[in-house]
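Take a first look at the chains below. Then read on, and find each feature as it comes up.

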Amino acid sequence: MEKDIREDIAWAKINGDVLKSLENPRKLYWVIIALALAAFGVGVACEVYQYNTGMGVANLDNPHVWGLYIATFIFWIGMSHSGTLLSAILHLMHADWRKPIYRFAEAMTTFSLMTAGLFVLVHIGRLWQFYYSLPYPNERGIWPNFQSPLLWDAMAIFTYLSSSVIFLYVGMIPDLAICRDHLHPGWRKKLYTLLSLGWEGTDRQWRNFRVTYLTVACFLIPLAVSVHSIVASDFAMSQQPGWHVTSFAPYFVAGALYSGCAAIITLFIILRYVFKFEEYMTLPILKKTVRLTFAIAMVWTYLNAIEFASVWYGHDVASKDVLIQKMVGPYAYAWWGMIFCGSIVPLVLAFKRFQTNIPVLLVISLLLNLGMWLERWMIVSPTFSHGYYPWTWDHDQWPSWVQWGMVFGSFGWFTLLFMIFCKVFPSVSMYEVKEMVYHRSLHSKKGDTAEQGAH
Amino acid sequence: MSVTNLLDDWAKFRHPHPVDDKPHDPYKWAMAIDLDACSGCNACSVACYAENNIPVVGKDKFLHGQSMHWMRIERYWDEDGRDFPDQGVQFLPMMCQQCEAAPCETVCPVAATNHTSDGLNSQIYNRCIGSRYCSANCPFKVRYFNWYDYPTTDDVWPAEMTQQLNPDVSVRGKGVMEKCTFCVQRLHEAKVVAKGEGRIVREGEVQTACQQVCPTNAISFGNLMDPDAKVHQQWQAQQVELDKDKQAKDENEGGSELRGYRILEELRPYPSVMYLERVRESAI
Amino acid sequence: MMDSGFDRRDFLKVLGWGGAAVALSGCGNTSVEDGKETVVSYSEPADYVIPSIGVYYNSTCAQCDAGCSINGRVREGRVLKLEGNPNSTVNRGKMCGLGQAGVQHHYNPDRVREPLLRTGNQGQTISWEDAYKLIAEKTQGVSGDQIAFLSGGVSGHLKVLLGNYLDSLSCKNHFVYEAIAPGVARAANKKSYGVAMPRFSINKAKVVLSFGADFLGSWVSPVHFSQQYAQFRKGVDGQRGVLVQVEPKMTLTGANADRWVAIRPGTEGVLALGIINALGTATGDIAAAVKAYDRDRVSEETGVPAGQIDKIAAMLKLHSPSLVLAGSAAEGYEHGSQNAAAINLLNHVLGNVGKTVEMTEDMPFPQMSPETGNTAALTSLNNGLAASKYKVLFNFAANPVFTASGAMNFKENMAKADFKVAFAHYLDETALQADLVLPLDSPLEDWGTQVPEYLATCAQINIQQPLMEKLHANTRGMGDILLSMLKQRQPDDYNGYEDYYGYLRSAVLSVKDALGGASVDDETFWNRTLSGGIIKFEGSVNKLSANASAAGLKLPSHSEAGGDYPLRLIPGVTASMRDGRHANQPWLQESPDPLTTIVWDSWVEIHPKKAAELSIAEGDIVEVTSKTGSIKAQAYLFPGIHPEAISVPLGRGHEAMGRYAKGYGVNPFQILDAVFDKETGELAMHETRVKISKTGQRVIVVKDEGAAGGQQMGKKIAVRVSSDDVDLSEEV
């Protein structure tokens, strides 16, 4: 059986390989940064237009009051669960194969949350007064409305973002110390010196570190679950047909883990190739990630099937109507696309042959995420177009280029942040890889010793 | 900004309605619309535009579903497959039902929509940040969002037409949600006058714009708590109770021979508008 | 209040933007700090203006000629909203949407503000003095026969003054034209009842059988009839009234009927005779006349099932009194007069005359009674213009270039007149053809008296008074214009009047005693009249002619449709658009048509079966072609229309008249064939035959109803209950 990682990699090599990724970037890097900036620029231009003219330019209307902004917001929140899953959940499960890959996953979480936050802002009609939703002392003595799931969203995302940043940062401290110690003087040296908070690697520091990391991890897991459950409750707590579903919270969390894993696969493949991290982001680890993704895909499919079944066999005529509309109405292409990408495509991952086939996995992971994006759209829009009140049914309104432009721009923003991260911070956790190698070598030595002992 | 303040507000404005421990006193504004009298003429809708500074959005925006009519007249056909609509059509004036347990009130993140002590669902324009969750949650879809900045949009209120604007009603800018308020500005004025005389508003002293203009008197509006009020008597005669999601009269076998009902009552928003079924002569 | 030293104009002052600016600051949209608004201090308001307190003035609505009294809410010198005057027996405090839009007529940004003289293709501003001089000049060298004055219906003192002005010109060519008018019914009523417009009492009837009379929408006096209808539904003796509407295209009233009967266009008279036959109560020559109209024959000709005819007859027989009305659907044929006569006969046979069809009072001042407009007048004028008979043409309250049938070539004929003057609020199609356009005050800023054609409860004169100071400095009231011109021609007679206000005041005061003002002084009486808003006359009512005879009744047999033009075009009259004079009022454009919910555009109503036959879907742009011309509009599948007919609404399709009217919709007036009622010469509006063809284009119909159309999808939203299943006795 292939090993997750070789046990005989020298510490110096690990340092060297990872630090190499922080070297001055090649031309391709700048091209991608430029493209990301351009995409983001498109988004910014759309928002400026919308801000000045009004939400109407997004082709939103009555009853379609929400559109791609909310759908993409949920998508990005969902994507953010990748890091938490890998960093925190797998950490608690002692699945050490997560070690080479959790760093970039955690970064992904942070940047996804930052992107999702943008959508909250662009989606409200009076962006310049978004702070009304924050409980700040004001002369009118008004608190925001704590009954509102949207407000829980605001609180939850804020907490999650700050916790994720802390988690990412704290987890990086030993690595930042390595960077500080090995990189040439310049702005980097200054930055790492500042950020590594004087880490010396003493025993006491390590012990404190372990405790802190574990604590934040334990805190982060329920937080992540609650964040996406709260996002789910934006819909579940409403009585609109197609939304008022009790399984929405676990469904959303499953979907989040799903898209997070798919994104991890995508970035895994890219980083492995670009930074030549084949030693660390090995195929066995990829395989494990793929299998995890497959498992989550099946959970998601199951939860979907449960939701459809309960609607289909239930008495809620309005909800059944909405479901039928999704299947055969104006959104049919998108809905079936979601089913295909979300439930059919992952079946490929069950076959060993494809579990380490890089090109196939790249395409599949992108398709999976497309499916997940479509899923969010299919949750948001069809209910509006076909709600309780037939007079207001509207099958004709589609998002305008302003909405698409901002969705597109969000990917640019995310890419920009991620690209910068990769060049400033080590995208593989050096100390954790060393731990992993050490434990593997210990284990194999034990095995050798045991063998020897046997003789 | 204190916790006491939070709890106080909560008790007042976030109290689930309708309840017996906090009955409406002295006002609960309600409406009854007789669908047999409603002729579908749309006078109420136009009067509402005039009274409440509602912008005319124009053909293009109307196509995009961005119209602003707080009061809309719906028209339904019979659905029994006949060649012709032999028994006419069904008109239904629909506006904010001022639900006692309004699905919109709970979900506004900034508390821009609340329930007032006189039984209205209030919309506070300057608190609204435009998240539109209220509209998303409204089963009747009677909330209208300002998708554009109508005061500064060409041809909405060109010079001189601005002089028609009712100074008692805010003109809304972009990003704000609006809906029927039961002409709260008129209610307020009536209350001020009554207060000056040391009493409450009497039946007939205040009319909503739609009620005032309706040529067939299909709309009656008033204080449901006032036994002299026509709307009180109508609700009583029709045996429709505000705080029930299923009326006792409907429990009887074969339903009831009374005409009063509320729309989407089973969703339990407890609307404050009762409709009287349209009657069609069977002998013809 | 009305002392000579302090006139009304000081009393009401327009305070400009102050109030409007306050309203606009609602949402932090503009701010005083930014200097974006001008706040006018109220430290010295005009007398009687208390900021934030509304003052109410009575006047008369001029959006149609029903003569509803309005009560204008005025704040800080601006009229904000119109309400109904509770003291009017016409509308009793109620209004229609059209009336509400009166403020948009007044504040419309596209009103003409200055007298305009055409030079080439441009209009240049001239002064009123020059304008009057020009008119005097142009009317100098011509004889009275060569002058024509086209106006809409006129009444009250304006009619008198106009008559005097035309007399001063020795002109007898006053053409009173209304594009949509019950001209045929008037003539038929005169014959059947002895009066052109008797008093109908819907609220006293137990059954109303209406042949296309859209009394809830646009027929005669809709607000008044709507109130009667409400009482009718509550019932006489606790019995709810039953409405049966017979028409080929569903009107608003038809939409409210207990039974809507789709009848083959043109056969209304046949049905009426068939019902008389089915009643079996007629005698004498009437019985003889209807003998041949047995139910099977009638059913065949009209397309109404025989069983239905029986039911209607049974209902009419059982419940008395009833009321039978002849509306535009019945009138609009070559044999329209015959249709109307047959329908009126039904009232006689049923014994409704004297009960629900009654005589009106005599008008004590007949010179103020309205001169009602009809379409035959335009035909006469057109013939005269075509023959180059008229050198000078005046146009007031009419837009014939828009409303005349294309077959009349009115625009070309109008150009034959040397000098054309238009008294107008807007540069509409007709004003654009004029040489001189004189801008009018809006009805909300002008004085006047009005007598409605339909006297709802008594003879009356409605008072019109300004609700605010003039918006534009250089517009004039029509009365003032006529007075100025009369002063030029007959200074001795008219110089005594300072202005039209003065003329009205002295005219009213001169008959003060007859009006019940003997006991008070002039000033008090005048103020009382103004604040009341209506002068009512109690009078005795004569009996209507109870002589009904079927003499001369001859209905044509139904002609098969076919040939090149297989369908009949029914021009739809909607309550808001009517003949198009209100198309530039945006509330009305945006107010969805009650039946189709379409806004801002025209449409072609086609029965779904017919549409399926022709493979037409909703939104397909179809071309509707008559012998006279063609128009293109979006198709709308509408079950409320006879499959042999299609309907396009009137009123849209303006090519001028301001930003809210121009370019929206198409104008079916243009393609009406020049076919006329044989007896009265009225344009037979429903005789145009057309063919339709798809153009290949398709649009999304801009309408209020959503994707479910008019379906409730099994939900209990708008509920209808059968009269058998409901107990109305306990109702409030």
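The radius of gyration is taken over C-alpha atoms, and the globule rule is 2.2 Å times the number of residues to the power 0.38. This is a predicted model: local features need pLDDT of at least 70, side-chain atom pairs count only at pLDDT 80 or more, and totals for chains, interfaces and linings use all residues. Residues are numbered from 1 along each chain as its sequence is written, while chains are lettered from A and ligands numbered from 1 in the order in which they are written.

Start with chain A. For its 455 residues, the rule puts a compact globule near 23 Å; chain A has 23 Å, so the two agree. Its C-alpha atoms fill a box of roughly 80 × 55 × 45 Å along the principal axes. Chain A has 16 helices and 0 strands. Helices (H or I, at least four residues) and strands (E, at least two) are DSSP runs, numbered from the N terminus.

How much of chain A is buried? The figure is 49% of the 455 residues. A residue is buried if 20 or more other C-beta atoms lie within 10 Å of its own, exposed if 12 or fewer, and partly exposed in between; C-beta atoms are placed from the backbone. Now find A:Lys445 in helix H16 (residues 430–454) of chain A. Why does A:Lys445 count as exposed? Because 12 other C-beta atoms lie within 10 Å. From A:Lys445 to A:Asn62 is 383 residues in sequence and 69 Å in space, C-alpha to C-alpha.

Contacts tell another part of the story. Two residues are in contact if their C-beta atoms, placed from the backbone, lie within 7 Å. Take the contacts in chain A with a separation of 6 or more: 83% of them join residues 24 or more positions apart. For chain C, the corresponding share is 74%.

Move on to chain C. It has 25 helices and 26 strands. Of its 732 residues, 60% are buried. A compact globule with 732 residues would have a radius of gyration near 27 Å; chain C has 26 Å, which agrees. The box for its C-alpha atoms is roughly 75 × 65 × 65 Å, along the principal axes.

Look for an open sheet in chain C. Its 7 strands run in the order E5-E4-E16-E15-E14-E6-E7, with mixed pairing. Strands E5 (122–125) and E7 (174–176) of chain C stand at the edges; each has a single partner strand, so one side of each is left without a neighbour in the sheet. From one strand to the next, the twist averages 20°. Axes are lines fitted to C-alpha atoms, for helices over the stretch in contact, and angles run from 0 to 180 degrees between N-to-C directions.

Two strands pair if DSSP finds at least two bridges between them. Strands E14 (residues 392–396) and E15 (residues 419–424) of chain C run parallel, joined by 5 bridges. Here C:Leu393 stands opposite C:Lys420 in E15(C). Helix H5 (residues 128–140) of chain C packs on the sheet, and its direction makes about 135° with that of E16(C).

Finally, see where chain C meets chain B. The contact takes 86 residues from chain C and 79 from chain B. Helix H8 (residues 222–234) gives the most to the side of chain C, with 6 residues. Strand E11 (residues 278–280) of chain B also pairs with strand E26 (residues 720–722) of chain C, parallel, over 3 bridges. There, B:Arg280 stands opposite C:Ser722.
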